[in-house]
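Biologist: Thanks for sitting down with me over this one. Could we go through the model together, with me asking and you answering?

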Amino acid sequence: MAWGVPGASADGFLPMARAQALRDGDRITRTHRGRRWLLIQEAGRTFGLEDRCPHLEAALAKGDCDGHRLWCPKHGFCFDLSSGARLSPTPSTTSGDSLAVRPVTFRDSWVGLRLRPGEDTP
């Protein structure tokens, strides 16, 4: 657990940051149950995804972002932030080519990701 950040709740809410502290350009990462998660605030929109490129598992938190697309800093693969689909070097053809995207949720003073059943429990 990150210092001062509560753990995942029983209903799958994984807090990532205090909502009032979130600013454009922020990239917040958190590891939960062995998976790295990434919260991106860009161009007034907030996105939640796994911080792992499916190509060679590079961390995406340091990748370039234009508010709609995210580029892997290791090999330049490009992904759609809303759907997680790989856009280049060739479009996604299977789910294994895409990023795991999760809905962003605001609860009390926290912003976090809504994990799927099993991602939030031991």
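Biologist: Happy to start with the strands: over how many bridges do strand β9 and strand β10 pair?

Modeller: One note before that: this is a predicted model, where local features need pLDDT of at least 70, side-chain atom pairs count only at pLDDT 80 or more, and totals for chains, interfaces and linings use all residues. Residues are numbered from 1 along each chain as its sequence is written, and side-chain values use heavy atoms, with hydrogens and water left out. Strands here are DSSP runs of E with at least two residues, numbered from the N terminus, and two of them pair if DSSP finds at least two bridges between them. For β9 (residues 104-107) and β10 (residues 110-114), the sense is antiparallel and the count is 4 bridges.

Biologist: Which residue in the turn of that hairpin has a positive phi?

Modeller: β9 and β10 form the hairpin with 2 residues between them. The phi in question is about 55°, and the residue that has it is D108.

Biologist: What is the strand order of the open sheet that these two belong to?

Modeller: The sheet has 3 strands, and the pairing is antiparallel. Its edge strands are β1 (13-18) and β9, each of which pairs on one side only. Neighbouring strands are turned by 35° against each other on average, direction ignored, using lines fitted to C-alpha atoms as axes and angles from 0 to 180 degrees between N-to-C directions. The order is β1-β10-β9.

Biologist: Which residue in β10 is the bridge partner of L14?

Modeller: β1 and β10 run antiparallel and are joined by 5 bridges. In β10, V104 has L113 as its bridge partner. For L14, the partner in β10 is L113.

Biologist: How many residues of β1 are buried?

Modeller: Buried means under 20% relative accessible area, exposed over 50%, and partly exposed in between, with a 1.4 Å probe and protein chains only. β1 is mostly covered, and the buried count among its 6 residues is 5.

Biologist: Which strands stand at the edges of the 4-strand sheet?

Modeller: This open sheet has antiparallel pairing and the order β2-β3-β4-β8. Each edge strand has a single partner strand, so one side of each is left without a neighbour in the sheet; the two are β2 (27-32) and β8 (101-102).

Biologist: Which residue in β8 stands opposite G48?

Modeller: Strand β4 (residues 45-50) and β8 run antiparallel, joined by 2 bridges. Opposite G48 stands R102.

Biologist: Which backbone nitrogen does the side chain of D51 reach?

Modeller: D51 lies in the loop between β4 and β5 (69-71) and is buried, with a relative accessible area of 3%. Leaving aside neighbours within four places in sequence, D51 is in contact with several residues, among them T29, R36, W37 and L60. At 2.9 Å, the side chain of D51 reaches the backbone nitrogen of A61.

Biologist: Last one: which element of the protein chain has the highest mean pLDDT?

Modeller: pLDDT is the predictor's confidence in each residue, from 0 to 100. The protein chain averages 88, and 93% of the residues score at least 70. Among the elements, strand β7 (residues 86-88) has the lowest mean, 92, while the highest, 96, belongs to β8.

Conventions: A polar contact is a pair of N or O atoms within 3.5 Å; within protein, one must be able to donate a hydrogen and the other to accept it, and residues adjacent in sequence count only if both atoms are side-chain atoms. Contact means heavy atoms within 4.5 Å.
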